[in-house]
Amino acid sequence: MRQHHLQVVGMVCPFPLVEAKKVMQDLPAGSELVIDFDCTQATESLPRWAATDGHEVTSFEQTDDAQWRIVIRKKK
């Protein structure tokens with residue numbers, strides 16, 4: 001399975017979500033998008049977008065005091 005990384009640390013909302021949507025469009029079905037971010041609002045907006053669009057959140061963890069990593073598998 002191919003993993004693609006998106007680094008949006010330092011970007012304020014809604015840009016992490018905007019960038020994730022843009023990258024996800026170009027990925028083949030079944031690919032995973034690994035997103036590193038530090039925007040608190042994105043801890044809710046990214047999983048909500050994934051669920052709404054039918055993608056699967058395979059991992060979601062806090063990696064630092066105010067930094068997270070989410071892995072979203074694109075729907076088939």
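The following conversation works through some side-chain contacts in a predicted model.

Student: What makes the rings of Phe37 and Phe60 a tilted pair?

Tutor: Their centres are 6.4 Å apart, and rings pair if their centres lie within 6.5 Å, so the two count as a pair. Their planes stand at 40°, and because planes under 30 degrees apart count as stacked and those over 60 as edge-to-face, the pair of Phe37 and Phe60 is called tilted.

Student: Why is it said that this pair ties together parts of the chain that are apart in sequence?

Tutor: Phe37 belongs to strand S2, which covers residues 32–37, while Phe60 belongs to strand S3, which covers residues 56–64, so the contact ties together parts that are 23 residues apart in sequence.

Student: Why is the pair of Phe37 and Trp68 called stacked?

Tutor: The ring centres of Phe37 and Trp68 are 5.8 Å apart and their planes meet at 25°; because planes under 30 degrees apart count as stacked, that is the name this pair receives. Phe37 in strand S2 and Trp68 in strand S4 (residues 67–73) are 31 residues apart, and both of these residues are buried.

Student: What makes the contact of Glu32 and Arg73 a salt bridge?

Tutor: The N to O distance between their side chains is 2.9 Å, and since a salt bridge needs a side-chain nitrogen of Lys or Arg within 4 Å of a carboxyl oxygen of Asp or Glu, the contact of Glu32 and Arg73 qualifies. It links distant parts of the chain, with Glu32 in strand S2 and Arg73 in strand S4, 41 residues apart. Glu32 is buried, at a relative accessible area of 8%, whereas Arg73, at 22%, counts as partly exposed.

Student: Why are Glu19 and Lys22 described as separated by about one helical turn?

Tutor: They are 3 residues apart in helix H1, which covers residues 15–25, so about one helical turn separates them. Glu19 forms a salt bridge with Lys22, with the closest N and O atoms 3.3 Å apart.

Student: What makes the link of Cys13 and Cys39 a disulfide?

Tutor: Their sulfur atoms are 1.9 Å apart, and because a disulfide is a pair of cysteine sulfur atoms within 2.5 Å, Cys13 and Cys39 meet the rule. The angle about the S-S bond is -125°, and the link is left-handed. Cys39 is buried, with a relative accessible area of 8%.

Conventions: Residues are numbered from 1 along each chain as its sequence is written. This is a predicted model: local features need pLDDT of at least 70, side-chain atom pairs count only at pLDDT 80 or more; totals for chains, interfaces and linings use all residues. Side-chain values use heavy atoms; hydrogens and water are left out. Rings of Phe, Tyr and Trp (its six-membered ring) pair if their centres lie within 6.5 Å; planes under 30 degrees apart count as stacked, over 60 as edge-to-face and the rest as tilted. Helices (H or I, at least four residues) and strands (E, at least two) are DSSP runs, numbered from the N terminus. Buried means under 20% relative accessible area, exposed over 50%, partly exposed in between (1.4 Å probe, protein chains only).
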